[in-house]
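Subject: Structure handover

Hello,

Here is the structure for you to look through. Please open it next to this email and follow along. My notes come after it.

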Amino acid sequence: MSTATSSENPRTAELAVSGMTCASCVARVEKVLKRVPGVESVAVNLATEKATVHASAAVTDDQLVAAIAKAGYEAAPIVPEAPPVAAPQAFDRELAAVLASAVLTLPLLAPMLGLTLNPWLQLALASVVQFGFGARFYLGGWRAVRAFAGNMDLLVALGTSAAWGLSVWQMAAHGGMTEHLFFEASAVVITLVRFGKWLEARAKRQTTDAIRALNALRPDKARVRDPQNPARERDVALADVRIGDIAIVRPGERVPVDGIVREGRTHIDESLITGESLAVAKEPGARTTGGSINGEGVIAIETTAIGAETTLARIIRLVESAQAEKAPIQRLVDRVSAVFVPAILAIALVTLGGWLLHGADAETALLNAVAVLVIACPCALGLATPTAIMAGTGVAARQGILIKDAQALEQAHAIKIVAFDKTGTLTVGKPGLVAFDAAPGQDRDAALALAAAVQRMSEHPLAKAVVAAADGVARFDASAARAVAGRGVEANVGEKRIAIGSARWLAELKLDVPPTLAARARELEAQGNTISWLIERDDHDAAVLALFAFGDTVKPTARAAIERLADMGVQSALVTGDNEGSARAVARALGIPSEQVFAQTLPDDKARVVASLKSRGIVAMAGDGINDAPALAAADIGIAMASGTDVAIEAAGVTLMRGDPALVADAIDISRRTYRKIQQNLFWAFVYNLIGIPLAAFGLLDPMFAGAAMAFSSVSVVTNALLLRAWRAQAGAAEDARAGKPITRPA
């Protein structure tokens with residue numbers, strides 16, 4: 001048990017809660033936890049049987065467990081980072097109990113087939129089922145009564161006890177010899193309800209397949225190079241691996257750690273983590289993710305993250321968090337559940353009294369009241385939302401879409417506008433040299449060689465593009481390089497002072513640009529390129545030698561993503577800090593209307609643009625950089641590329657595990673499908689009761705059929721949610737996503 005040392009810092013506690021059977025149980029557990037001093041918020045999930053508590057650090061696990069125990073349930077803290085433990089033995093025991101109950105119940109159906117069965121044998125068989133296999137309902141019902149509340153167990157216990165008691169009364173009244181017994185009603189109801197709970201548990205286990213699959217990606221051991229003797233390797237438990245250790249991964253093995261490749265080349269299958277359909281090439285300097293599968297080469301990886309800080313651990317936490325949280329629509333269910341059981345008890349009493357007042361015998365009145373108690377099942381209501389959310393977030397995670405919370409999942413279905421950042425989101429984010437034009441009278445290759453000499457001193461992506469373009473021309477060496485803030489860079493190349501700078505620096509130096517070069521610059525800028533200038537200068541004079549044009553490349557799936565969003569009724573906007581020409585060129589290439597382009601926006605400006613778009617409906621912001629964080633937070637839903645910064649990912653409600661803009665449409669699609677499942681489940685949960693309760697009250701539903709309907713309602717709700725597992729993302733293949741096509745080159 002954990003104890004706190006400070007009451008100021010909030011903490012999140014997770015507890016496994018056993019004994020809950022319906023939405024009423026959930027409401028009661030939440031109620032008692034909220035009464036604990038220091039508890040700020042509580043979310044209890046019936047499907048996962050988990051309570052997530054946000055409280056001050058002064059609140060201990062012992063206090064929370066005690067509060068739950070007082071309400072009549074059992075609880076235990078969930079150990080962080082421990083994979084969920086399956087309980088196949090308990091699962092098999094439950095099935096065995098259902099089968100045994102069915103074997104004892106079958107003979108009780110003999111009178112319905114015109115066969116005779118000794119009343120005392122009926123009493124013996126029914127009593128074993130009622131008080132043996134039905135003991136769980138009495139225990140759950142007693143817990144509810146002690147807490148001055150009601151739940152499904154109480155309804156089943158009261159209903160079956162009434163049928164069993166009526167049969168015993170009939171036997172007593174007729175000296176043990178009577179044909180009008182109702183033992184089969186009580187026994188069949190208990191058997192069917194237990195069978196329904198077993199099917200429900202089986203289906204619920206399938207909704208957590210995503211978490212189990214992710215946990216299965218964690219290898220138990222890692223092969224680590226001995227730092228004292230690099231020639232020696234040893235197998236160690238994964239928990240014993242430390243940052244900086246060199247892990248050796250052979251072909252076909254699972255990568256044990258997040259790290260950086262230091263030796264070797266290979267291809268790695270990351271499909272179960274990022275959704276990438278093709279293996280990704282890795283060479284020294286490339287990053288690896290623990291849980292992925294190595295291909296054909298032996299590689300040495302320097303460990304950069306362990307334990308809870310690994311990508312896989314963070315993914316699991318995000319999925320678990322989303323599955324544990326409640327969707328806003330669940331509030332309606334909570335309000336209904338608070339009054340559901342008391343209302344059913346009242347309806348059952350009215351049914352009993354109504355039939356008696358209308359002259360019916362006690363048997364008929366009681367059986368109809370029993371049918372009302374049995375048909376009313378709050379289980380389906382409690383499972384309708386969480387099972388759909390678990391199935392939806394689980395299948396999304398397998399396709400590379402991480403949804404942080406249930407609210408984001410529910411809201412995303414109503415998105416009307418997606419505001420995209422440009423660089424790194426819609427474009428590759430690695431600009432290339434689109435054009436290099438020398439001034440009249442200048443030798444192009446010589447000018448390019450001078451530019452490359454200066455740029456070799458820099459690690460900037462634009463500098464690398466210039467150096468790459470100069471491959472094959474003469475090589476010069478530069479010295480005394482220095483950056484001029486906000487203007488550019490300069491260095492000595494032989495006897496010359498060579499500078500590469502912006503138009504602003506050009507204006508400050510009062511340099512005249514040759515007309516042909518100026519016209520070319522305007523043409524390239526109109527196409528969305530960034531222009532820089534090559535200058536030769538000394539203390540007294542300067543001259544323009546050439547111009548550079550740098551252009552980013554649109555991701556190949558970007559246009560299809562924008563078109564698919566439009567087909568879904570979702571508008572796209574472009575919000576970027578780049579210049580107007582560059583922004584509009586990208587917008588034209590992707591089919592984004594010019595009125596939806598917002599260029600030269602600072603981070604705060606992006607947030608204001610997103611806020612202004614909210615007047616048109618639910619707005620999502622998709623971005624990947626630190627400068628996108630304010631806009632991601634300002635949007636109704638933030639969508640971050642996992643290829644971007646941690647700041648952006650933390651500010652977002654949805655994270656795309658690969659930088660494919662087509663996943664934005666997929667995220668909206670799975671949200672819409674999940675929301676439809678929630679609506680369908682709630683509809684059926686309410687319809688079962690709206691139709692079943694009146695039928696039972698008016699004597700049109702036998703208690704046995706009522707029990708079957710109640711069991712089927714829960715199973716059908718969970719099964720309907722499981723249909724989401726067939727969903728697949730439509731995002732393009734990883735190979736295409738890694739390609740790029742310049743947007744500014746003429747066709």
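**What I found**

Residues 24 or more positions apart account for 71% of the protein's contacts with a separation of 6 or more. Contact here means heavy atoms within 4.5 Å.

Before you go on, note that this is a predicted model: local features need pLDDT of at least 70, side-chain atom pairs count only at pLDDT 80 or more, and totals for chains, interfaces and linings use all residues. Residues are numbered from 1 along each chain as its sequence is written, and side-chain values use heavy atoms, with hydrogens and water left out.

**Overall**

The protein has 26 helices and 28 strands. Helices (H or I, at least four residues) and strands (E, at least two) are DSSP runs, numbered from the N terminus. Of the 747 residues, 52% are buried. Buried means under 20% relative accessible area, exposed means over 50%, and partly exposed is in between (1.4 Å probe, protein chains only).

**The cores**

The largest nonpolar core has 124 residues. Such a core is a set of buried Ala, Val, Leu, Ile, Met, Phe, Trp, Tyr and Cys residues joined through side-chain atoms within 4.5 Å. M20, L33, L64, I401 and V418 have the most contacts inside this core. Helix 24 (residues 662–697) gives the most to this core, with 13 residues. A second, separate core has 24 residues, including L450, A453, V466 and V489.

Look at L33 next. Leaving aside neighbours within four places in sequence, L33 is in contact with V39, V42, V44, A51, V53, L64, A67 and I68.

L33 is one of the buried residues of helix 1. Nine of the twelve residues in helix 1 are buried, so this helix is mostly covered. At 1.5 Å a residue, helix 1 (residues 23–34) should span 16 Å, and its end C-alpha atoms are 17 Å apart, which agrees. The expected span is 1.5 Å times one less than the number of residues.

Helix 6 (residues 152–173) has 22 residues. From first C-alpha to last, helix 6 reaches 31 Å, close to the expected 32 Å. G175 follows helix 6, and its phi is positive, near 65 degrees.

Back to helix 24, where Q679 sits. Q679 counts as partly exposed because its relative accessibility is 41%. Q679 and T385 are 294 residues apart in sequence, yet 8.3 Å apart in space, C-alpha to C-alpha.

R564 lies in helix 19 (residues 558–567). Is R564 buried or exposed? R564 is buried, with a relative accessible area of 17%. Not counting residues up to four places away in sequence, R564 touches A662, A665, D666, D669 and Q730.

**A strand pair**

Strand 5 (residues 221–225) is largely enclosed by the rest of the structure, because four of its five residues are buried. Strand 5 pairs with strand 6 (residues 233–237) in the antiparallel sense, over five bridges. Two strands pair if DSSP finds at least two bridges between them. V224 stands opposite R234 in strand 6.

**From the UniProt record**

An unreviewed UniProt entry places the feature "transmembrane region" at several stretches, among them 120–139 and 682–701. UniProt positions follow the numbering used here, feature names are shortened, and annotations may be inferred rather than shown by experiment. In the model, residues 120–139 are 95% helix and 0% strand, with end C-alpha atoms 26 Å apart. Residues 682–701 are 80% helix and 0% strand, with end C-alpha atoms 22 Å apart.

Best wishes
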